Amino acid sequence: MSDLDVQIPTAFDPFADANAEDSGAGTKEYVHIRIQQRNGRKSLTTVQGLKKEFSYNKILKDLKKEFCCNGTVVQDPELGQVIQLQGDQRKNVSTFLVLAGIVKKDNIKIHGF
């Protein structure tokens, strides 16, 4: 029986490397892009979850100029600052944020119909 070298398994955690990479489970910061229906064909696009170190007014200015729409920055007590744009600008805003290097594509969630 000396020919067989049997190793007794110790406490092995198969998820150890996955937990090491994502040490703060649930702390992934997402940017939420939503649409709200107004009257008839009118709609409103909201962008929530951008980091606080970005200037919301400068981002809004660029978005308004790029997509030829109007918009504003609203202060919400629960959500913080939220960018609101006229029209359905979900795809436009997501591509703009990725190309500008503000957010990675994996961290954007698009909500709506």
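Trainee: Is Arg-90 buried or exposed?
Mentor: Arg-90 counts as buried, at 13% relative accessibility. Buried means under 20% relative accessible area, exposed means over 50%, and partly exposed is in between (1.4 Å probe, protein chains only). The model is predicted, so local features need pLDDT of at least 70 and side-chain atom pairs count only at pLDDT 80 or more, while totals for chains, interfaces and linings use all residues. Residues are numbered from 1 along each chain as its sequence is written, and side-chain values use heavy atoms, with hydrogens and water left out.

Trainee: Which side chain does Arg-90 meet in a salt bridge?
Mentor: That of Asp-88, at 2.9 Å from N to O. A salt bridge here is a side-chain nitrogen of Lys or Arg within 4 Å of a carboxyl oxygen of Asp or Glu. Side chains of opposite charge can pair when their charged atoms come close.

Trainee: And how does Asp-88 count at 41% relative accessibility?
Mentor: Asp-88 is partly exposed, whereas Arg-90 is buried.

Trainee: How many salt bridges does the structure hold?
Mentor: One.

Trainee: New topic. How many helices and strands are there?
Mentor: Three helices and five strands. Along the sequence they follow the pattern α-β-β-α-β-β-α-β. Helices (H or I, at least four residues) and strands (E, at least two) are DSSP runs, numbered from the N terminus.

Trainee: In which sense do β1 and β2 pair?
Mentor: Antiparallel, over six bridges. Two strands count as paired if DSSP finds at least two bridges between them.

Trainee: What else is β2 joined to?
Mentor: Strand β2, residues 43-48, is joined to β4 by five bridges, and the two run antiparallel. Val-47 has Ile-83 in β4 as its bridge partner, and Thr-46 stands opposite Gln-84 in β4.

Trainee: Why is β2 said to be largely enclosed by the rest of the structure?
Mentor: Because six of its six residues are buried. Ser-43, Thr-45 and Val-47 point one way from β2, Leu-44, Thr-46 and Gln-48 point the other way, and all are buried. In a regular strand the side chains alternate between the two faces of the sheet.

Trainee: How many bridges are there between β3 and β4?
Mentor: Six, with β3 at residues 71-76 and β4 at residues 80-86, paired in the antiparallel sense. Asp-76 has Gly-80 in β4 as its bridge partner. A hairpin of three residues joins β3 to β4.

Trainee: Now the largest nonpolar core. Which of its residues touch the most other members?
Mentor: Leu-50, Leu-63, Ile-83, Val-93 and Leu-97, out of 18 residues in this core. The elements that give two or more residues to this core are β1 (31-37), α2, β4 and α3 (90-99). Helix α2 gives the most, with five residues. A nonpolar core is a set of buried Ala, Val, Leu, Ile, Met, Phe, Trp, Tyr and Cys residues joined through side-chain atoms within 4.5 Å. In soluble globular proteins, nonpolar side chains tend to be buried together.

Trainee: Last one. What percentage of the residues of the protein count as buried?
Mentor: 27% of the 113 residues.
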